Amino acid sequence: MNTTSKNILYGLLLLGLLAVPFIGLYPVLVMKLLCFALFASAFNLLLGYTGLLSFGHAAFLGGSAYIAGHALKVWGVPPEIGLVLGTLFGAVLGWLVGSLAIRRQGIYFTMITLALAQMLFFFCLQMKFTGGEDGLQGVPRGHLLGVLDLGNDLTMYYFTLLVTAAAFLLIMRIVHSPFGQILKAIKENEPRAISLGYDTQRFKLLVFVLSAALSGLAGSLKTLAMGFATLTDVHWTMSGSVVLMTLVGGLGTLSGPLVGAAVVIALENKLGEIGHFLARVSGIDWFNSLGESVTMVIGFIFVVCVLAFRRGIMGEAIALVDRWRGGKPRN
């Protein structure tokens, strides 16, 4: 797809998101979707464009969610300061984890990130300021710049959309910059990138920190929008969920994580309603229990994507358009 076509599609998506409050969709659900879309896009920057599989990214999402929530609730800071603190925490934690993890490659890199993330999980479980198993509840939204009341769902929705769109534009700029091209070179052939004089360890650490910071922003924004942070945000299953979102949507594509996050979040929140609808249409009563089998359905979709749509939803769509236009399909 050429640049003009992509810009048109992104413009239509933005217009659709702007119209969400007026077409009957629940703004809080869409805010949650936007936060996870940002989280998946940040993760895709690491895995899809650099080839580094981190299985501990929940540490950045959940850790920043707790920091931002604590700052907002206990310290009483403005929401913009809470987001900045959460993002900075994600960046610092990313630098600490990345400094240790990038010394290894492959499965060893993945397992180090998982181990360090689980250490943070048990830390959050034991600390009083996190609320332990109960989580951090009742986080106030406050007033943006002392003027806009984010307690209003409509105002909070458009603020969430603005932050997410700005972060996505930053990711897009990173991908298309010379820095982004070096990341792709590292993914495709790291020894050749080294032979060209690039310090690949430094570039991998930098992209790890960027990914962690953006994940921290997603976690902080989620806490601000939803009003709470829980152990689920920092558990290893959250790291698995973001891997799933990225693979289902399309690894190494800008739009893939957005679609993958939409599919996973929609299934988690609307599968019960879909099951009731299918039961009414088909007359099969078993569909009424579909909402209790979210994990099974998502797992089935993942298996289908791996076997039949290895590029993911958007990867296959882009390849189909390329073939239709007579171009060379993407790998």
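Hi everyone, so this protein has 12 helices and two strands, counting as helices DSSP runs of H or I with at least four residues and as strands runs of E with at least two, numbered from the N terminus. In sequence order the pattern reads α-α-α-α-α-β-β-α-α-α-α-α-α-α. The radius of gyration is 20 Å, close to the 20 Å from the globule rule for 331 residues, so the protein is as compact as a globular protein of that length; the radius is taken over C-alpha atoms, and the rule is 2.2 Å times the number of residues to the power 0.38.

A quick word on the source. This is a predicted model, where local features need pLDDT of at least 70 and side-chain atom pairs count only at pLDDT 80 or more, while totals for chains, interfaces and linings use all residues. Residues are numbered from 1 along each chain as its sequence is written, and side-chain values use heavy atoms, leaving out hydrogens and water.

Now the overall picture. Of the 331 residues, 49% are buried, meaning under 20% relative accessible area, with exposed over 50% and partly exposed in between (1.4 Å probe, protein chains only). Take contacts, meaning heavy atoms within 4.5 Å: among those between residues at least 6 apart in sequence, 74% join residues at least 24 apart.

D153 sits in helix α6, residues 153-176, and counts as partly exposed because its relative accessibility is 31%. What does D153 touch, leaving aside its neighbours within four places in sequence? Its contacts are V28, M31 and R141. V28 is 125 residues away from D153 along the chain, yet their C-alpha atoms are separated by 7.1 Å.
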